[in-house]
Amino acid sequence: MKFFVDTADLDDIQEANDMGILDGVTTNPSLVKEQGNVDFHEHVFKICEIVDGDVSAEVTATDFDGMMEEAHTLTQVHENVVVKIPLIKEGIKALRALDEEGIETNCTLCFSPSQALLAAKAGADYISPFLGRVDDISADGMTLVEEIREIYDNYDFETEILAASIRHPTHVKRAALAGADVATMPFETLIDLLDHPLTDRGLERFLAD
Ligand code: E4P
């Protein structure tokens, strides 16, 4: 399973990368906004210089021409950029066109298996089901991942399932059990994966002995 951090914070990305287990980064407009008044393209370049892996950067246009224009600009920023496209009708068209141009894409804001099926048919490289946000409305986000896995396996789709909107270590564990290809998580959740009281207690005892 690949691990991505879901943040635009350069220090957190550096720290995760230093652990040696980071495979990529996902950002979105809200995460970039948290960084203050930064130049978007320069910031994406800085992220790409830290991590040797796919870095998702999202378009903000909602029409086909606008998405294509932003995608072309983003791919000039760095070779590791994966263009994040929202799961709307114009987005499906853009996914298909970008796939034909050999540009890598991450289809974002996926909340149903049928949306994921469309994205895979359009040639998305990644599909991002937002588990946490599904849980937020009292549904089961993990069922979404499981169903997408089954559908993609039924038809040998190569689109990678990128479990997103992960909020805690149990989400990561269950996404791994469900066969998600990637988990993208906040830096804090990555660190929380380490936590176990018996590890702390055991280490304390070993060090004391
Ligand atoms: C994924 O690419 C998104 O950036 C992200 O996982 C959204 O998570 P949130 O629901 O915690 O905002």
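The structure is a predicted model, in which local features need pLDDT of at least 70 and side-chain atom pairs count only at pLDDT 80 or more, while totals for chains, interfaces and linings use all residues. Residues are numbered from 1 along each chain as its sequence is written, and side-chain values use heavy atoms, with hydrogens and water left out.

Helices (H or I, at least four residues) and strands (E, at least two) are DSSP runs, numbered from the N terminus. Two packed helices are described by the angle between their axes and the distance between the axes. Here the axes are lines fitted to C-alpha atoms, for helices over the stretch in contact, and angles run from 0 to 180 degrees between N-to-C directions.

Helix 6 (residues 113–121) packs with helix 8 (residues 141–155) at an angle of about 40°, and their axes are 9 Å apart. The two are therefore oblique to each other; angles under 35 degrees count as roughly parallel, over 145 as roughly antiparallel, 65 to 115 as roughly perpendicular and the rest as oblique. The crossing of helix 6 and helix 8 is right-handed, a word used when the near helix is turned clockwise from the far one by less than a right angle, with left-handed for anticlockwise. On the helix 6 side, the contact (heavy atoms within 4.5 Å) is made by Pro113, Ala116, Leu117 and Ala120. Helix 8 brings Leu144, Glu147, Ile148, Ile151 and Tyr152 to this contact. By class, the residues where helix 6 meets helix 8 are 8 nonpolar, no polar and 1 charged. In this scheme Ala, Val, Leu, Ile, Met, Phe, Trp, Tyr, Cys and Pro count as nonpolar, Asp, Glu, Lys and Arg as charged, and the others, Gly among them, as polar.

A second pair is helix 1 (residues 10–18) and helix 3, with axes that come within 10 Å and cross at roughly 15°. These helices are therefore roughly parallel to each other, and the crossing of helix 1 and helix 3 is right-handed. Leu10, Ile13, Gln14 and Asn17 in helix 1 meet His43, Lys46, Ile47 and Ile50 in helix 3. The contact of helix 1 with helix 3 has 4 nonpolar, 3 polar and 1 charged residues.

Helix 4 (residues 64–77) can be followed along its length. Its 14 residues reach 20 Å from the first C-alpha to the last, close to the 20 Å expected at 1.5 Å a residue, where the expected span is 1.5 Å times one less than the number of residues. Which residues of helix 4 are buried? They are Gly66, Met67, Met68, Ala71, Leu74 and Val77; buried means under 20% relative accessible area, exposed over 50%, and partly exposed in between (1.4 Å probe, protein chains only). Among the elements that cover these buried residues of helix 4 are helix 3 (40–50), strand 3 (54–58), strand 4 (81–86) and helix 5 (89–100).

Some single residues complete the picture. Glu58 lies in strand 3 and is buried, with a relative accessible area of 11%. Leaving aside residues up to four places away in sequence, Glu58 touches Thr27, Asn28, Pro29, Phe40, Glu70, Leu74, Lys84 and Thr108. Gly53 sits in the loop between helix 3 and strand 3 and counts as buried at 12% relative accessibility. Although Gly53 and Asp23 are 30 residues apart in sequence, they are 5.3 Å apart in space, C-alpha to C-alpha.

Strand 5 (residues 105–110) holds Leu109, and Thr105 also has its place in strand 5. Is Thr105 buried or exposed? At 0% relative accessibility, Thr105 counts as buried. Leu109 is partly exposed, with a relative accessible area of 33%, and its phi is near 65°, a positive value in a residue other than glycine.

Asp156, likewise not a glycine, has a positive phi of about 55°. Asp156 lies in the loop between helix 8 and strand 7 (160–163) and counts as exposed at 65% relative accessibility. Finally, Gly20 is found in the loop between helix 1 and strand 2 (24–26) and is exposed, with a relative accessible area of 63%.
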